[in-house]
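My entries follow the structure.

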Amino acid sequence: MSNMINRRSLLKTGLMTIGGMALAPHISMGAFSGASFSLDEKSRLYYSPLLREHFLDERPDVMAMAARLNANENPYGPPESTKKAVAEAVAGGNRYSWKELATLVDKLAKKEGVTDKHIMMGPGSSDLLEKVALVLFMNGGNVVSADPTYMSLIRVAEAVGATWKAIPCKADWSHDLKAMEAAIDKDTKMVYICNPNNPVGSITAGKELLDFCSRVSEKVPIFVDEAYLELAEGTGTESMVSLLAQKKNVIIARTFSKIMGMAGLRVGYAVAQPEFLDKIQKITRGGMGISHTSVLGAIASFEDTEFQAMTKKQNTACKEYLYENLTKMGYKYIPSYTNFVIFPINMNGKDFLGKMAAKGILVRAFDIQNKPWCRVSMGTMDEMKSFVKALGELS
């Protein structure tokens, strides 16, 4: 009981421990005033000036759901090659996997066109976002980002003493880079950009973002979270990794959770200037938290380009199917460069979640700019048909 009381006390002061925060990746801890909340499941909120997340009163039986479309997971993975590699790797689970990790790093460095010194591994990209925030903001400062956006880095930065400068997205939901640059001051320690952006699925055009990152990184480090970029199609979807060859102070995060189907196996990496990574690894080591089985699974998944191409093709097909049906039902969605789509709904978010769960469908619901929205992750085509049927029955 005393532990629970102490933890609630920490929550109310915005000083929740890093280990505890890893259990609640969508709770922002500092961008609100006058709000009170507890650890009660019924009152978890995703706070920002513009966005709040809704939750069900009770956790549904996930295994009983017809479609689990609430977590931006790859419904086709892990690939068979990864399953086989993981199974075979179990026998070596009594040994540390530094050699195997080095092999994976070499492959990633070759892909990104950098040296192995430019790569830092972690158990998922969110772990790396949080480690960077922990080190950079332990003595305060501020972080500039879009709002809404993915909150892991921001949440940890606030918890260790930073403030968040939240810049509303533009009308097309891209980053307002001009306003973000204007928000930088002497206390700014990082600009964070999630591109494509979660939870809205939009993208900020590559050329515009390249120009911004090249110029502004001379003032302050820029962290570009590219977790969904490998799923993006169309013009303006290039990575910022080319800026590293120009010695720009940019950090790029990537993950094996999306196109490679390893969300539960936890592998991600950051690409940055070696001197920047040295600052992080003096305090917290990258790669230490990845299991031997995950390392071997990641190598197999990385090399399975056929699986990655299939995932991208199916993801696009499911989005096109969803777009067509949302349009027929009168919903106006935001065009997505990710494996999820968000659109405004005509009922309270919490009620919407409950009605969909009753039909066996798990999705996410948000209030954005005081209006309710549904975010649906792409499942298999059968799962998307189940979602469309359920949504149509609510319309």
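The entries below begin with the model itself and then turn to the cores, the rings and the charges.

**Basis of the entries**

I worked from a predicted model, in which local features need pLDDT of at least 70 and side-chain atom pairs count only at pLDDT 80 or more, while totals for chains, interfaces and linings use all residues. Residues are numbered from 1 along each chain as its sequence is written, and side-chain values use heavy atoms, with hydrogens and water left out.

**Overall composition**

I noted 13 helices and 13 strands in the protein chain. Helices (H or I, at least four residues) and strands (E, at least two) are DSSP runs, numbered from the N terminus. Of the 395 residues, 56% are buried; buried means under 20% relative accessible area, exposed over 50%, and partly exposed in between (1.4 Å probe, protein chains only). The chain exposes about 17400 Å², with carbon and sulfur atoms supplying 52% of it; these accessible areas come from the Shrake-Rupley method with a 1.4 Å probe, and for residues only the protein chains shown count as cover. I also looked up contacts, meaning heavy atoms within 4.5 Å. Among those between residues at least 6 apart in sequence, 73% join residues at least 24 apart.

**Nonpolar cores**

I next searched for nonpolar cores, that is, sets of buried Ala, Val, Leu, Ile, Met, Phe, Trp, Tyr and Cys residues joined through side-chain atoms within 4.5 Å. The largest has 43 residues, and those with the most contacts inside it include Ile-119, Val-191, Cys-213 and Phe-256. Apart from neighbours within four places in sequence, Cys-213 is in contact with Ile-222, Val-224, Met-240, Leu-243 and Val-250. A second, separate core of 29 residues includes Phe-352, Cys-374, Met-378 and Phe-387.

I then examined Leu-322, which is placed in helix α11. Its relative accessibility is 0%, so Leu-322 counts as buried. Residues up to four places away aside, Leu-322 touches Val-341, Val-376, Met-378, Met-384, Phe-387 and Val-388. Leu-322 and Met-378 are 56 residues apart in sequence, yet their C-alpha atoms are 9.0 Å apart in space.

**Aromatic rings**

My search of the whole structure gave seven aromatic pairs. Rings of Phe, Tyr and Trp (its six-membered ring) pair if their centres lie within 6.5 Å; planes under 30 degrees apart count as stacked, over 60 as edge-to-face and the rest as tilted. Trp-173 and Trp-373 form an edge-to-face pair, at 5.6 Å centre to centre and 80 degrees between the planes. Trp-173 lies in the loop between β5 (163-168) and α7 (177-183) and Trp-373 in strand β13 (residues 371-377), so this pair ties together parts 200 residues apart in sequence. Both Trp-173 and Trp-373 are buried.

Tyr-331 is in the loop between α11 (305-328) and β10 (340-344), and Phe-343, 12 residues apart from it, is in strand β10. Tyr-331 and Phe-343 are both buried. Ring pairs link Tyr-331, Phe-343 and Phe-387 into a cluster.

I also found Arg-375 over the face of Phe-340, at 5.2 Å from the ring centre. The criterion is NZ of Lys or CZ of Arg within 6 Å of the ring centre and within 35 degrees of the ring normal.

**Salt bridges**

How many salt bridges does a search of the whole structure find? I recorded 20 salt bridges, each a side-chain nitrogen of Lys or Arg within 4 Å of a carboxyl oxygen of Asp or Glu.

Lys-107 and Glu-303 meet in one of them (2.7 Å, N to O). Lys-107 lies in helix α4 (residues 98-112) and Glu-303 in helix α10 (residues 292-303), so the pair ties together parts 196 residues apart in sequence. Lys-107 is partly exposed, with a relative accessible area of 26%, and Glu-303 is partly exposed at 46%.

Lys-111 forms a salt bridge with Glu-230, with the closest N and O atoms 2.7 Å apart. Lys-111 is in helix α4 and Glu-230 in the loop between β7 (222-225) and β8 (250-255), 119 residues apart. Lys-111 is partly exposed at 36% relative accessibility, whereas Glu-230, at 17%, is buried.

Finally, I noted that Glu-112, Glu-226 and Arg-254 are linked in a network of salt bridges.
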